[in-house]
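Have the coordinates open as you read.

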Amino acid sequence: MIPMVDLKAQYADIREEIEQGFSQVLDSAQFILGPNVQALEAEVAEYLCVPHAVSCASGTDALHLALAAAGVGPGDEVITTPFTFIATAEAIRYVGAKPVFVDIEAHSYNLDLGQVESAITERTRAILPVHLFGQPVDMRELQRIATDHGLMIIEDCAQSFGASRDDIMTGCFGIAGCFSFFPSKNLGGYGDGGLVVTGSQSMAEEMRVLRNHGSRERYHHHVIGYNSRLDEVQAMIVRAKLKRITGYNDRRRKVAHAYSERLAGLPGVRTPWEDPEGHHVYHQYTLLVEDRDRVMEALKQAGVSSAIYYPIPLHRQEVFLEEYAGVSLPVAEDVASHCLSLPIYPELTDEQIEAVTDAVISAVNGGEVAVDAD
Ligand SMILES: *Cc1c(COP(=O)(O)O)cnc(C)c1O
């Protein structure tokens, strides 16, 4: 079975370095806010070309800390996408604000910027775009909207480490950019982890306080904070992968382009659109498939994993059902019922790419042997 992601293959590649780093951390007996955390924050800030990076316990916490440090709170509205992982909206709720969902574009799967302005009210404080599947949002246009209306932008970059638009990395357009090191993300650790980047020194300071029990000085607590720190072991692992992230992302792009070339023109299947002005890092490779359930089953029979990211848009999730009952977001609803993601990871071999695309072609053709594209 070709899996959605193959972390074992990646580990085999970096095993020696990780094992060495692991014994160093254990020998140092410094497990929380130690030298690896400090180094990782400096290295991420340098890689993304942003002044400050503050690590924390998860991508969800990164969003929470950023919203809290930006002063978003009860009574505020935050405009975001319904086609994302639940954490995006959870974080808005944690600070007591209300997520306002705006529909997406069918081609990019990202927020439809043409509909953002009509969702702005007196209460809107911030816009929270998600660079979904690694595709950067048109941030110049979003910045124009935010500036015109005096709003902050907080970016959800959980799937877009290393993606850029107009040569600026995602995470560096808004007042804060929030990353996740969940193991399956394109830059992941071997447990939970997250990080916020910001150009604002005061926000960075505020987040350092919030992540560590509201404390600037040990046992002096200024505000109610959280226990949300990245640990040394995770920081060491993410550092090892950060060194290789450019290569990892380049290989993801190669896999995606090979898929799109081999699947071009297949009836009932739309390959993902790639913004020619953006650098997409393909955290996921997501098709729209007319007859999705049947194709998914046929892929399974052929030994190829596939997955639905995401089957239910947030305004239709049980937790939000009542509150958003009157909200209709037809593009997100339609995309959610036809999206199908294929296996994508840097270690995927050319033979596996061929096997995946042959299986898709054969599945779409109702089991007929695929014509070899070579
Ligand atoms: C994974 C993810 C998150 C949350 O990250 P965690 O580290 O799992 O808390 C938030 N937003 C999006 C879009 C994600 O994909």
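Which hand does the crossing of α9 and α11 have? The crossing of α9 and α11 is right-handed, where that label means the near helix is turned clockwise from the far one by less than a right angle, and left-handed means anticlockwise.

## Ground rules

This is a predicted model, in which local features need pLDDT of at least 70 and side-chain atom pairs count only at pLDDT 80 or more, while totals for chains, interfaces and linings use all residues. Residues are numbered from 1 along each chain as its sequence is written, and side-chain values use heavy atoms, leaving out hydrogens and water.

Helices (H or I, at least four residues) and strands (E, at least two) are DSSP runs, numbered from the N terminus.

## α9 against α11

Back to that pair. Helix α9 (residues 292-301) and helix α11 (residues 350-364) have axes that come within 9 Å and cross at roughly 130°. Axes here are lines fitted to C-alpha atoms, for helices over the stretch in contact, with angles running from 0 to 180 degrees between N-to-C directions. That makes α9 oblique to α11 (under 35 degrees is roughly parallel, over 145 roughly antiparallel, 65 to 115 roughly perpendicular, and the rest oblique).

On the α9 side, R294, V295, A298 and L299 meet A359, V360, A363 and V364 of α11; contact means heavy atoms within 4.5 Å. By class, these residues divide into seven nonpolar, no polar and one charged. Ala, Val, Leu, Ile, Met, Phe, Trp, Tyr, Cys and Pro count as nonpolar, Asp, Glu, Lys and Arg as charged, and the others, Gly among them, as polar.

From α1, L7, Q10, I14, E17, I18, G21, F22 and V25 meet E232, V233, M236, I237, A240 and K241 in α7. The contact splits into nine nonpolar, two polar and three charged residues.

How enclosed is α7? Since 10 of the 11 residues of α7 are buried, this helix is largely enclosed by the rest of the structure (buried is under 20% relative accessible area, exposed over 50%, partly exposed in between, with a 1.4 Å probe and protein chains only). What covers those buried residues includes α1, α2 (35-48) and α8 (245-263).

## α3 with α4

Helix α3 (residues 59-69) packs with helix α4 (residues 87-94) at an angle of about 35°, the axes being 9 Å apart. This crossing of α3 and α4 is right-handed. T60, L63, H64 and L67 in α3 meet A87, T88, E90, A91, I92 and Y94 in α4, giving six nonpolar, three polar and one charged residues.

## Buried strands

Five bridges join strand β1 (residues 52-56) to strand β9 (residues 194-198), and the two run antiparallel; strands pair if DSSP finds at least two bridges between them. In β9, A53 has V197 as its bridge partner, and V54 has V196. On the β8 side, strand β8 (residues 176-180) pairs with β9 in the antiparallel sense over four bridges, and the partner of F179 in β9 is L195.

Five of the five residues of β1 are buried, so β1 is largely enclosed by the rest of the structure. H52, V54 and C56 point one way from β1, with A53 and S55 pointing the other way. Strand β9 is likewise largely enclosed, because five of its five residues are buried: G194, V196 and T198 point one way, L195 and V197 the other.
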